[in-house]
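Here is a short report for someone meeting this structure for the first time.

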Amino acid sequence: MDIAERTEQGVSVVGVGGRVDGSTAAELERRLLAGLQSGAPLLVDLSGLGYISSAGLRSFLKAAKQAKAAGVPLALAGLQAQVREVFEVAGFLPLFAVHADVAAGLAALAGAPHAPAGAVSAAAPAPEGSHPTLLEEVVLLGIDEESGVPRPTARSVLDLVVAGAALMELALLGRVDSDLETTSVTDATPTGEPLLDGVLAALAASGPGPTADRVSEIAAYGAELREKALDRLVARGILRCQEGRILWIFRDRRYPVVDGRERREVRARLRDLLLGTDIPDARDVVLVCLVDACGLFGAVLNDEEFTKAKPRIAQIRRMDLIGQEVERSIVQIEAAIARSMLPV
């Protein structure tokens, strides 16, 4: 990746060339946020960029979120066809003003009001393992508060959601990266999170491959990962495991909520995002994908709110490429289930 910076007509111009992927996205994010620091309009020239992965998209997502919050105009220029396709498929184009070239971008931004200098700052990343994993958050939302029993969802769907949660978490931690076709391990260093490190090792052993194949591979361990997620929530003191028997024969395991704070925080975060207009952060994009795939928005929104939020949910779901693949796989499974129920 090559980055060149200059100021022209009162506009900060950042030229990005080459490839933006898991090995370069952090540097791009740092430079974009630094470019926003002055408060001057920022124009990102992508005419030299030939490739961008999910990691690169997340850098632009963070920059867009910070720019909007600080009131700094942010625009893109010169997108090549292959890069524009990735932005379009991921639903990122509406987040930016997009111009054909730098000249057009400068003409649009020159004279735009400046935001106060220093209004944008890069937040320090949360330490790995400092909060529940995405898998734990989804499993927690899936527990019925009154009965302590997981809400009914087809096991095959749950397995895919679990796989997606693990892959997406590893992507957020910089261990996995993906594009429109392939998912690969970019850093095999263990995360220290037992729920994820076995998945990471399996992916590293498999090598790069189609995202659909990687999702299916991890889905085979779905039941085991769900069980471990429940055990972790019990260990954190969020749930309590209650063992029993039905008719003295069949095991009945329930998970009453002990500490509802985590659950309330997740629900409040999702409600604020879906009923508002803020640009989501990368973690919440992933959580929206997973919660919708499980059909769990009934635990977050009432019927009227859900109807209102549907277009925004659809928009946010597009923003994660792994999430899109999980959704496609679930649609295929649901179609197969529906066909199997038709009379012969």
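## A buried aspartate

Asp284 is in contact with Arg269 and Leu273, leaving aside its neighbours within four places in sequence. Contact here means heavy atoms within 4.5 Å. Asp284 sits in helix α11. It is buried, with a relative accessible area of 9%. Buried means under 20% relative accessible area, exposed means over 50%, and partly exposed lies in between, using a 1.4 Å probe and protein chains only.

## The model and its numbers

This is a predicted model, in which local features need pLDDT of at least 70, side-chain atom pairs count only at pLDDT 80 or more, and totals for chains, interfaces and linings use all residues. Residues are numbered from 1 along each chain as its sequence is written, and side-chain values use heavy atoms, with hydrogens and water left out.

## Overall make-up

The protein has 344 residues, of which 48% count as buried. Its secondary structure comes to 13 helices and ten strands. Helices (H or I, at least four residues) and strands (E, at least two) are DSSP runs, numbered from the N terminus. Take the contacts between residues at least 6 apart in sequence: 71% of them join residues at least 24 apart.

Ala25 lies in helix α1, residues 25–36. Is Ala25 buried or exposed? Ala25 is buried, at 6% relative accessible area. Not counting residues up to four places away in sequence, Ala25 touches Val20, Ala55, Gly56 and Ser59. The chain also brings Ala25 and Gly174 together: they are 149 residues apart along the chain, with their C-alpha atoms separated by 9.5 Å.

Arg236 is found in a loop, between α9 (222–235) and β9 (242–246). Arg236 counts as partly exposed, at 31% relative accessibility.

## Strands and hairpins

Strands of a sheet pair through backbone hydrogen bonds, either parallel or antiparallel. Two strands pair if DSSP finds at least two bridges between them. Start with strand β1 (residues 2–8) and strand β2 (residues 11–20), which pair in the antiparallel sense over seven bridges. Glu5 stands opposite Val14 in β2. The hairpin of β1 and β2 has two residues between the strands, and Gln9 there takes a positive phi near 55°.

Now look at an open sheet of three strands, in the order β6-β7-β8, with antiparallel pairing. β6 (176–178) and β8 (209–210) stand at the edges with a single partner strand each, so one side of each is left without a neighbour in the sheet. β6 and β7 are joined by three bridges. They form a hairpin with three residues between them. Ser178 has Thr183 in β7 as its bridge partner. Strand β7 (residues 182–185) pairs with β8 over two bridges. Across that pairing, Thr183 has Gly209 as its bridge partner, while Thr182 stands opposite Pro210.

## The nonpolar cores

In soluble globular proteins, nonpolar side chains tend to be buried together. A nonpolar core is a set of buried Ala, Val, Leu, Ile, Met, Phe, Trp, Tyr and Cys residues joined through side-chain atoms within 4.5 Å. How many residues are in the largest nonpolar core? There are 94, and Val44, Leu46, Ile52, Phe60, Phe87, Phe92 and Phe96 touch the most other members. Apart from this core lies another, of eight residues, among them Val11, Ala75, Val102 and Leu109.

Phe60 shows how the contacts run. Leaving aside its neighbours within four places in sequence, Phe60 is in contact with Leu28, Leu32, Val44, Leu46, Ile52, Leu76, Phe87 and Phe96.

## The cavity

A search of the whole structure finds one cavity of 30 Å³ or more. On a 1 Å grid over the protein atoms alone, a cavity is a set of points where a 1.4 Å probe fits but cannot get out, and lining residues have an atom within 4 Å of a point. About 90 Å³ of space lies in the largest cavity. That volume is the space filled by probe spheres set on the points, with grid points joined across faces, edges and corners.

The lining includes Ser54, Arg58, Phe92, Leu172, Met319 and Asp320. Helices α2 (54–70) and α11 (282–294) each supply at least two lining residues. The largest share, four residues, comes from α2. By type, the lining divides into nine nonpolar, one polar and two charged residues. Here Ala, Val, Leu, Ile, Met, Phe, Trp, Tyr, Cys and Pro count as nonpolar, Asp, Glu, Lys and Arg as charged, and the others, Gly among them, as polar.

Conventions. 1 Å grid on protein atoms, 1.4 Å probe; cavity = no way out; pocket = protein on both sides within 12 Å on 5 of 7 lines; lining within 4 Å.
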